[in-house]
Amino acid sequence: MRRSYESASNSRRIDRNGVSQYQEEEHTDLARRVADHYSARSKQTYSEREASPIIHLKKLNNWIKSVLIQLYTRPGDVVLDLACGKGGDLIKWDKARVGYYVGVDIAQGSIQDCRTRYNGDQNNHHQRRGRSRLTFPARLLCADCFEVLLDAVLRDDGPFDIFSCQFAMHYSWSTEARARRALANVSALLRPGGTFIGTMPDANVITQKLREAQGLTFGNSVYSISFDEEYDEKRFNSSTPFGIKYKFHLEDAVDCPEWIVPFPVFKSLAEEYGLELVFVKNFHEFVDEYMKRPEYAELMRRLGALSDGNQVTCTLSPDEWEVAYLYSAFVLKKRGEPDPKRRRANRTNYRPTQISKDDILYINK
Ligand SMILES: C[S@@+](CC[C@H](N)C(=O)[O-])C[C@H]1O[C@@H](n2cnc3c(N)ncnc32)[C@H](O)[C@@H]1O
């Protein structure tokens with residue numbers, strides 16, 4: 001339990017991190033805004049998706065997530081997908097032959113779409129093309145992953161071999177308490193030796209671009225980032241590395257507040273929770289490195305993000321490639337050795353069945 005004390009001046013409750021009750025409420029409202037934004041984004045049909053101005057960027061992002069999943073997942077693994085969204089990675093987990101999957105997201109609309117996708121949604125391109133049903137059992141929760149203590153809810157489902165948080169960890173960085181809860185959730189449920197994979201904005205690149213910009217807004221034809229006047233000196237105080245907010249707009253994808261995650265702070269906070277850095281790579285470096293491996297180059301060719309299939313023309317526009325530079329991929333490992341005698345979570349013996357609306361667990365803080 002977090003301790004709190006009364007502020008003498010205004011009698012509002014202030015916690016140990018200096019966060020007032022008012023600020024907590026403001027952060028909960030912002031989390032809700034993020035949730036509403038993602039909930040309201042309707043599922044696209046295959047042709048709408050292919051017509052997107054950032055279709056090749058989406059394909060590149062999918063390639064990066066596929067590579068991370070293939071690098072660190074073994075058949076039968078028990079997976080927790082934090083901020084799973086509409087279940088865009090379900091097929092990737094299936095290809096990695098995982099044994100059991102838990103998806104958690106704050107956005108009700110997204111978790112409901114994830115359910116239909118898991119059940120075999122006919123709007124889904126892969127399923128329309130006759131791809132068989134997913135082969136792993138799954139459970140879905142609707143919760144704020146950075147507020148709710150998940151180990152109380154998921155103790156019987158874990159321990160997990162792998163945690164994944166794709167394009168979402170930065171939503172926890174609005175306050176230190178939320179960032180800590182995010183990492184505490186990973187640490188409490190990941191087995192010793194287990195892996196945490198993720199993708200999030202690269203704070204170094206965003207800061208560098210802010211400093212190079214004329215004002216407090218920068219971007220190109222597909223994205224824009226704006227900081228408030230309070231950052232007009234373009235310097236962030238290293239003693240307050242949480243709550244550095246900017247507004248992010250990405251054409252046909254994102255339009256909501258996000259927070260800078262200074263990577264050295266992320267790394268040292270993760271260490272406090274027993275999570276050690278394996279690597280962090282900007283997406284440009286990630287692409288350079290893993291495209292050298294024939295199996296991943298072949299996967300890229302099939303996805304069609306960087307080449308048109310003849311491996312001649314680059315189909316990703318320069319503006320999309322610049323957006324890719326705004327992100328990095330990271331891998332952390334939970335300290336300790338895996339228990340060789342450990343039994344797999346009971347749920348891996350379950351057969352995959354349809355998830356009904358009532359099966360989704362909704363958790364309010
Ligand atoms: C850019 S989307 C990524 C979705 C998915 N991980 C993917 O890669 O396709 C970000 C997701 O983070 C979720 N999210 C944001 N804040 C969250 C929170 N506090 N708890 C759980 N999910 C959250 C949003 O609802 C959204 O689905």
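A disulfide is counted when a pair of cysteine sulfur atoms lies within 2.5 Å. By this rule the structure has zero disulfides. The model is predicted, so local features need pLDDT of at least 70 and side-chain atom pairs count only at pLDDT 80 or more, while totals for chains, interfaces and linings use all residues. Residues are numbered from 1 along each chain as its sequence is written, and side-chain values use heavy atoms, with hydrogens and water left out.

**Cysteines**
- The closest cysteine sulfur to that of cysteine 84 belongs to cysteine 114, at 4.3 Å, which is too far for a bond.
- Cysteine 84 has a relative accessible area of 7% and is buried (buried is under 20% relative accessible area, exposed over 50%, partly exposed in between, with a 1.4 Å probe and protein chains only).
- For cysteine 142, the closest cysteine sulfur is in cysteine 84, 9.1 Å away, also too far for a bond.
- Cysteine 142 is buried, at 6% relative accessible area.

**Strand β7 and its partners**
- Helices (H or I, at least four residues) and strands (E, at least two) are DSSP runs, numbered from the N terminus.
- Strand β7 (residues 190-201) has 11 of its 12 residues buried, so the rest of the structure largely encloses it.
- Strand β6 (residues 160-166) runs parallel to β7 and is joined to it by six bridges; two strands pair if DSSP finds at least two bridges between them.
- Cysteine 165 is opposite glycine 198 of β7.
- Strand β13 (residues 327-334) pairs with β7 in the antiparallel sense, over seven bridges.
- Methionine 200 has serine 328, in β13, as its bridge partner.

**Crossover**
- A right-handed β-α-β unit is formed by β6, helix α8 (residues 176-189) and β7; right-handed means that, with the strands pointing away from the viewer, the path from the first strand over the helix to the second runs clockwise.
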